[in-house]
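Good morning, everyone, and thank you for making the time.

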Amino acid sequence: MKFPSASERKLDIITLGRSSVDLYGQQAGGRLEDMASFAKYVGGCPTNIAVGAARLGLRSAVITRVGDEHMGRFIREQLQAEGVDVRGVATDPTRLTALVILGIRDKEHFPLIFYRENCADMALEADQIDPAFIAEARAVLVTGTHLSKPNLAAASRRAMQLARGNKAVTILDIDYRPVLWGIGGHGTGEVRFVDSAAVSAHLQSILSDCDIVVGTEEEVHIAGGSTDTLTALRNIRAKTPALIVMKRGPLGCVAFPGAIPASVDGALVDNGFPVEVYNVLGAGDGFMSGLLRGLLGGESIPAALRMANACGALVVSRHGCAPASPTWRELRHFLDRGSTYHALRKDPILNDLHWATTRRHVSPEICALAFDHRVQLERLAGQVGASQTRIPVLKRLIYDGAAKAFGDDSAFGIILDDRFGDDVLAHATGRGHWIARPVELPEQIPLVFENGRDIGSVLREWPLEHTVKCLVYQKPDDAPAIAGPQEDRLLALFEACRATGHELLLEIIPDKSKPGDGAMVAAMIRRYYEVGLKPDWWKLAAPDDTTGWAAITDAVTSHDADCRGVLLLGLDAPEPDLVRTLTAAAAQPICKGFAIGRSVFSQPAESWLQNRLSDAEFVAEVAARYRRLIDVWRGARNGRSAVA
């Protein structure tokens, strides 16, 4: 077994077979019948492996089919977001994407139902396997489930034959699910083994084309045609000289590169990690991803087995399959340092690493227009005698102006509330904008959440692409009566964001009279880190000098090297002042952009509310003001001087 060199091929691994949407019950310990809510993930053995391999730094691709509907687009978009090559993902015009409903009953029972009747990936045909695409890969992996139908078996065989013709390594993940071979009823999805001579014959017919065969002990039994493990292994060996890797759950794994010894323990054994078993579904796919990373990365077989076991341990401790897969940084941390937690899902260091290395991709630069103002616009409407019913219209016009100036740029962002801007939020969502929404009730000290104390339930109703923005006023010397409740609520917010998958932008103004006091801002940043907060973003006023920037930079980077950075707020400053602060901020690597609002729209809004500006004139004025600030920022970022 020898892999082609990485420089010779565009891809490290192509997987072929199932792709589905997994709906995971969120009430662990309950019957599947009683599940009240579900989390939606990408699923299917080869699809999970492709995601896991990509997270570990391999160039992966998957060959499968999805429906021409929302769930098919979900799978494609998630794969793209994970860095998986989707050229082999075909869209079926008539069939639906496969669906799986799963639950966690206890440590031994994981009920699941496969909805795969005439689904899209079951329609894969041999003539859809592109020889040129296969030729790009160093290895090709097929799964046993896709031998269960003649057309699927033909497609798998063609992929393997093309791979062998190109001197790529061929891999079989036995992936035995009896129900998918027509053995048992729809309610037997969690049954992992039923003896079947017919299935054994199908699997054995492909073994001679395999360089690596991987499966659980039960899967080795079905592939080897015997429930005696050594007999099954010897039967497999009689069909193929392949490296055989047998997964043994909490015991780890064992590899057989040559002759089968007199006992299983006489082969290459790697003991498992003593961790809590929370969810076995997907652990084998994580194992395979780690094994591939090791072997394709040039590691020895024992080292690759250790990586595989570590990935399996991390996945078995989490909810979901593909989303539970570790990244390379996580894996290296776990292998190098281990964990003091038996339940790895409760390890805060691993959780922070997993979050920081798997959160969604956003532009490294954000130029946002912030118009989440509520009280300020209510007051302005009152001052000029305008009805508050016009505020939602005003918000839409502000958005139109911002989008006119910058909407096609990846750095375009908005901060907008749902009190007056819910229609605009619905319109803007899904367009690729960076979007943040406030959760705080304005001008409350200590912090009060606008839509109720149960902030987790509130966030469950938000689109995942919406970043949570929270403004707090707190000084380092605030009394415990203020600091205590405020920090407790911020921690609840932080935990809710992590639980629901939303990023957090924390805006802090320690002292309204001295917003540029960098030392005070840095002290509050340190304080929040010390109590356990790790926001993805900070939104801050520009410090008065470079010393303040240095203090802020040190406070952030010394506590969270993965923080996305600082966005500059405007505080309704005049445009010439903003030019100076933006120019200074652009020289600071920690500052990734700005989120400025009233400086752009406040004066035009007053004129519009007084009917002195038409809608079109207002949109044009907002667009011009916003664009000038963007040009100042980008000009300064690129080393050009700005002119007010």
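This is a predicted model: local features need pLDDT of at least 70, side-chain atom pairs count only at pLDDT 80 or more; totals for chains, interfaces and linings use all residues.

Residues are numbered from 1 along each chain as its sequence is written, and side-chain values use heavy atoms, with hydrogens and water left out.

Of its 5 residues, 5 are buried, so S9 is largely enclosed by the rest of the structure; buried here means under 20% relative accessible area, with exposed over 50% and partly exposed in between, using a 1.4 Å probe and protein chains only. Val169, Ile171 and Asp173 point one way from the strand, whereas Thr170 and Leu172 point the other way.

Which strands pair with S9? Strand S8, residues 137-143, runs parallel to S9 and is joined to it by 5 bridges, where pairing requires that DSSP finds at least two bridges between two strands. The chain crosses from S8 to S9 through helix H4, residues 150-165, in a right-handed β-α-β crossover, meaning that, with the strands pointing away from the viewer, the path from the first strand over the helix to the second runs clockwise. Strand S10, residues 212-216, is also parallel to S9, with 3 bridges, and the crossover from S9 to S10, through helix H5 (residues 197-207), is right-handed as well.

Now to valine 245, which lies in strand S11, residues 243-247. This valine counts as buried because its relative accessibility is 0%. Leaving aside residues up to four places away in sequence, valine 245 touches Val213, Val214, Gly215, Val254, Ala255, Phe287, Leu291 and Leu305, contact meaning heavy atoms within 4.5 Å.

Further along we come to the closed barrel of 8 strands, which runs S14-S15-S16-S17-S18-S19-S20-S21 with parallel pairing. S14 and S21 (residues 591-596) pair over 4 bridges, and cysteine 367 has phenylalanine 594 in S21 as its bridge partner.

Finally, helix H13, residues 391-406, has buried residues including Ile391, Leu394 and Phe406. The buried residues of H13 pack against elements among which are strands S14 and S15 and helices H12 and H14.

Note on methods: Helices (H or I, at least four residues) and strands (E, at least two) are DSSP runs, numbered from the N terminus.
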